[in-house]
Amino acid sequence: MSQRTIVITGASDGIGAAAARKLAARGERLLLIGRSPEKLAAVADPIGAESYAADFEHLDQVRAAAAWVRERTDRIDVLANNAGGVFAEYKITGDGNERTMQVNHYAGFLFTNLLIDILTASKATIVNTSSVGAHAFGNIEMSDLDYTKKYKVMKAYGDSKLANILFAKGLDSRYHDQGLSAVAIHPGNISSNFGKETGNAMMKFIYKTPLARMLSKPESGADNLIWLMDGTPGVTWTSGQYYDEHRKPLKKPNPQQNDAGLADALWAESARRVGLPVAA
Ligand SMILES: NC(=O)c1ccc[n+]([C@@H]2O[C@H](COP(=O)([O-])OP(=O)(O)OC[C@H]3O[C@@H](n4cnc5c(N)ncnc54)[C@H](OP(=O)(O)O)[C@@H]3O)[C@@H](O)[C@H]2O)c1
């Protein structure tokens with residue numbers, strides 16, 4: 001396989017960092033985005049990857065990250081929208097959005113759309129790291145995306161991960177006929193830095209106690225992402241689909257996952273929130 005240009009967000013730790021190391025070992029060109037400049041450099045420098053630090057709690061930094069990518073390449077073969085987290089404290093960002101939804105969904109939505117001309121021209125694959133949480137906790141209410149009535153940590157996380165799936169479907173319906181493919185996956189339950197900022201007792205129990213030793217390694221989650229990056233859309237996997245950690249579509253998905261009206265409403269609202277014109 002000839003060298004590809006691969007952009008990964010959330011590359012400074014966990015699954016994204018493991019994927020970056022594996023892909024670098026094969027000689028792919030990597031453009032890595034992470035929040036912490038120090039952690040990002042510690043991943044990127046030893047593998048010779050280019051990197052840019054941006055905190056997705058600030059949409060201006062997302063715009064700057066997209067501009068940084070643009071300055072470096074006119075070809076993107078793969079974009080992995082992988083940055084994400086679970087956040088204990090309720091917060092409205094300076095951009096006016098609930099933080100979980102902004103970091104996990106609106107930021108990736110903006111970043112992707114700012115690069116969409118390059119992505120379509122490259123007939124790219126876009127891989128969104130979603131989660132089983134989309135099905136366990138997700139129930140998007142378009143009338144209260146900022147959780148003004150009540151903030152529940154895991155519902156916000158589940159909604160944001162459901163949004164990752166709906167975004168992949170929205171990209172597929174808008175751009176697949178131009179050669180772009182988009183897909184979402186649950187990477188597996190992975191022992192990483194994930195859950196550090198959660199105040200949720202169940203998440204702490206799973207990720208911050210000796211039980212974490214039972215979880216899979218970040219490399220295993222990376223392998224699931226790389227399976228999609230290496231696959232052939234329409235042959236090994238289907239654009240617009242969501243895959244579980246066994247690389248299979250769900251038999252009983254959250255009904256919202258396949259709600260095309262919701263996908264369109266979320267697309268329009270996400271575009272409004274990040275200041276992009278709404279695509280038809
Ligand atoms: N671990 C699991 O069991 C699991 C299960 C299902 C889905 N996932 C998903 O997998 C993805 C990667 O998670 P992980 O397990 O690898 O966790 P991780 O080790 O905590 O890595 C998360 C990555 O996201 C970045 N990030 C977090 N907040 C950010 C922000 N405000 N702005 C920019 N980047 C930010 C982090 O940057 P810094 O390190 O620089 O702060 C880091 O690179 C997430 O989307 C998560 O929802 C994980």
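Leaving aside neighbours within four places in sequence, Tyr157 is in contact with Val86, Thr100, Gly133 and Phe137, where contact asks that the C-beta atoms of two residues, placed from the backbone, lie within 7 Å. Tyr157 sits in helix H7; helices (H or I, at least four residues) and strands (E, at least two) are DSSP runs, numbered from the N terminus. Tyr157 counts as buried because 27 C-beta neighbours lie inside 10 Å. The cut-offs for this term are 20 or more other C-beta atoms within 10 Å of a residue's own for buried, 12 or fewer for exposed, and anything in between for partly exposed, with C-beta atoms placed from the backbone. Between the C-alpha atoms of Tyr157 and Asp244, which are 87 residues apart along the chain, the separation is 17 Å.

The structure is a predicted model, in which local features need pLDDT of at least 70 and side-chain atom pairs count only at pLDDT 80 or more, while totals for chains, interfaces and linings use all residues. Residues are numbered from 1 along each chain as its sequence is written.

Helix H7 also holds Asn164, which counts as buried because it has 24 C-beta neighbours inside 10 Å. With neighbours within four places in sequence left aside, the contacts of Asn164 are His105, Asn128, Thr129, Ser130 and Ala184. Ser181 is 17 residues from Asn164 along the chain, and their C-alpha atoms are separated by 14 Å.

How do H7 and H10 meet, and at what angle do their axes cross? The axes of H7 (residues 153-175) and H10 (residues 260-274) come within 9 Å and cross at roughly 95 degrees. Here the axes are lines fitted to C-alpha atoms, for helices over the stretch in contact, and angles run from 0 to 180 degrees between N-to-C directions. The two helices, H7 and H10, are therefore roughly perpendicular to each other, on a scale where angles under 35 degrees count as roughly parallel, over 145 as roughly antiparallel, 65 to 115 as roughly perpendicular and the rest as oblique. On the H7 side the meeting involves Ala163, Leu166, Lys169 and Gly170, and on the H10 side Leu262, Ala263, Leu266 and Trp267. By class, this contact has 6 nonpolar, 1 polar and 1 charged residues. Ala, Val, Leu, Ile, Met, Phe, Trp, Tyr, Cys and Pro count as nonpolar, Asp, Glu, Lys and Arg as charged, and the others, Gly among them, as polar.

Leu266, in helix H10, is buried, with 24 other C-beta atoms within 10 Å. Apart from neighbours within four places in sequence, Leu266 is in contact with Ile140, Ala163 and Leu166. The C-alpha atoms of Leu266 and Gly170 are separated by 9.1 Å, although these residues are 96 apart along the chain.

Helix H2 shows two sides. Leu40, Val43 and Ala44 are its buried residues. Seen down the axis of H2, the buried residues fall within an arc of 85 degrees, so they line one face of the helix; the arc is that of the directions from the helix axis to the C-beta atoms. An α-helix has 3.6 residues a turn, so residues three or four places apart point the same way. Glu38, Asp45 and Pro46, on the other side of H2, are exposed. The cover over the buried residues of H2 includes H1, strand S2 (29-34) and strand S3 (50-53). After H2 comes Gly48, with a positive phi near 70 degrees.

The ligand brings H1 and H2 back into view. Each of these helices, H1 (14-25) and H2 (37-47), supplies at least two residues of the shell around the ligand, and the largest share, 3 residues, comes from H1. Of the 30 residues around the ligand, Gly10, Gly14, Ser36, Gly84 and Asn193 come nearest; a residue is near a molecule or strand if its C-beta atom, placed from the backbone, lies within 6 Å of it. By class, the shell has 10 nonpolar, 15 polar and 5 charged residues.

Finally, two loop residues deserve a look. Tyr147, in the loop between helix H6 (133-136) and H7, has a positive phi of about 55 degrees although it is not a glycine. Arg247, in the loop between strand S7 (242-243) and H10, has a positive phi near 70 degrees and is likewise a residue other than glycine. Most residues other than glycine have a negative phi. Tyr147 counts as partly exposed, with 17 C-beta neighbours inside 10 Å, and Arg247 counts as partly exposed with 15.
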